[in-house]
Amino acid sequence: MIRPLIVLVPVLVLGASTALAHDPPNHDIEELTERIAAHPSAPLLVERAELWLQEGFADEAASDLRMAATLEPGDAIGRAVLWAEVWRQRGRLDEAEAELDPAVAAGSVEALAARARIRADAGRLTDALADYEAAVARLLTVDLALGHGRTLERLGRPAEAEAVYAVHARRLGNATVLVQARIQVLRQLRRHDDALRAIDTQVRHARAKSTWLLLRGAVLAEAGRTEDAVRAYLAALADAERVYRRRRSVASRLIRAEALAAVGRTAEARAEAERVRAASPQLAARATALLAATEASR
């Protein structure tokens with residue numbers, strides 16, 4: 001009768017000590033918690049730690065990583081990256097970087113990318129830039145490309161940032177987020193014609209054109225081309241109405257609200273934004289920003 005109790009103790013500890021201290025924040029964590037309770041293993045704990053970190057639960061992730069280490073040593077480099085994120089979320093950036101240094105020395109590009117982000121968070125921008133440049137030379141992702149460009153922007157080197165965004169966007173299949181980042185820098189540099197050319201390329205290829213047309217209107221307005229800006233805003237509203245009639249999604253409602261605001265139909269825009277804010281936590285911040293922007297026009 002003693003042997004089954006010895007087997008059950010780690011199951012009870014692993015299943016209840018951290019993850020069940022409160023309701024899991026998503027279904028994936030809940031499912032992993034059930035699997036760990038039934039068959040505890042280091043890979044499952046590490047997988048759950050990564051999910052905890054994505055949700056911002058650093059203490060729970062740390063507990064899972066510690067328990068994983070008691071079961072088996074595992075992938076030292078992969079776990080170092082996760083531990084670094086634990087320290088980063090706790091605001092202890094020196095510990096985060098120290099966690100990564102051996103993994104970087106061992107040649108891990110994942111650790112190099114993580115260290116670049118941590119150095120940027122710490123305001124060590126020159127060091128962060130060196131890490132980003134080394135990382136993108138070996139592995140290019142959208143996140144790394146954004147970090148590379150944003151670090152250059154923070155260093156006061158917008159022209160270089162624009163060039164970096166352009167090159168990385170091309171290499172990553174015209175990734176939308178990088179195109180948008182490049183356009184924002186072009187606006188800061190008052191290179192309106194270049195920004196418009198980039199936007200027009202997107203308009204030609206996009207199925208839903210409203211967001212790009214709204215951006216086109218904003219750039220035209222900044223360039224002093226008021227009549228052209230109004231035409232772009234009206235085109236954006238027409239496209240937003242078309243998409244909303246077809247989809248009736250919360251996201252398409254928000255874009256419609258933004259287009260309504262752009263053409264001066266403020267009351268309708270605010271009503272739509274209020275509906276979005278009530279319906280979608282993910283889009284609430286953007287809806288709130290629209291409400292704040294239109295407050296003076298009430």
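A crossing is left-handed if the near helix is turned anticlockwise from the far one by less than a right angle, and right-handed if clockwise. The model is predicted: local features need pLDDT of at least 70, side-chain atom pairs count only at pLDDT 80 or more, and totals for chains, interfaces and linings use all residues. Residues are numbered from 1 along each chain as its sequence is written, and side-chain values use heavy atoms, without hydrogens and water.

**View 1. Crossing of helices H9 and H11.** The axes of H9 (residues 142-154) and H11 (residues 176-188) come within 10 Å and cross at roughly 15°. H9 is therefore roughly parallel to H11 (angles under 35 degrees). The crossing of H9 past H11 is left-handed. Val142, Ala145, Leu146 and Glu153 of H9 meet Val177, Leu178, Ala181, Val185 and Gln188 of H11 (contact: heavy atoms within 4.5 Å).

**View 2. The largest nonpolar core and the surroundings of Trp212.** Val86, Ile183 and Trp212 touch the most other members among the 77 residues of the largest nonpolar core, a core being a set of buried Ala, Val, Leu, Ile, Met, Phe, Trp, Tyr and Cys residues joined through side-chain atoms within 4.5 Å. Helix H3 (residues 42-55) gives the most to this core, eight residues. Not counting residues up to four places away in sequence, Trp212 touches Thr176, Val179, Gln180, Ile183, Ile199, Gln202, Val203 and Ala206.

**View 3. Glu31 in helix H2.** Glu31 is found in H2 (residues 27-38). Glu31 counts as partly exposed, at 46% relative accessibility (buried is under 20% relative accessible area, exposed over 50%, partly exposed in between; 1.4 Å probe, protein chains only). Glu31 and Arg242 are 211 residues apart in sequence and 40 Å apart in space, C-alpha to C-alpha.

Definitions and conventions
Axes are lines fitted to C-alpha atoms, for helices over the stretch in contact, and angles run from 0 to 180 degrees between N-to-C directions. Helices (H or I, at least four residues) and strands (E, at least two) are DSSP runs, numbered from the N terminus. Angles under 35 degrees count as roughly parallel, over 145 as roughly antiparallel, 65 to 115 as roughly perpendicular and the rest as oblique.
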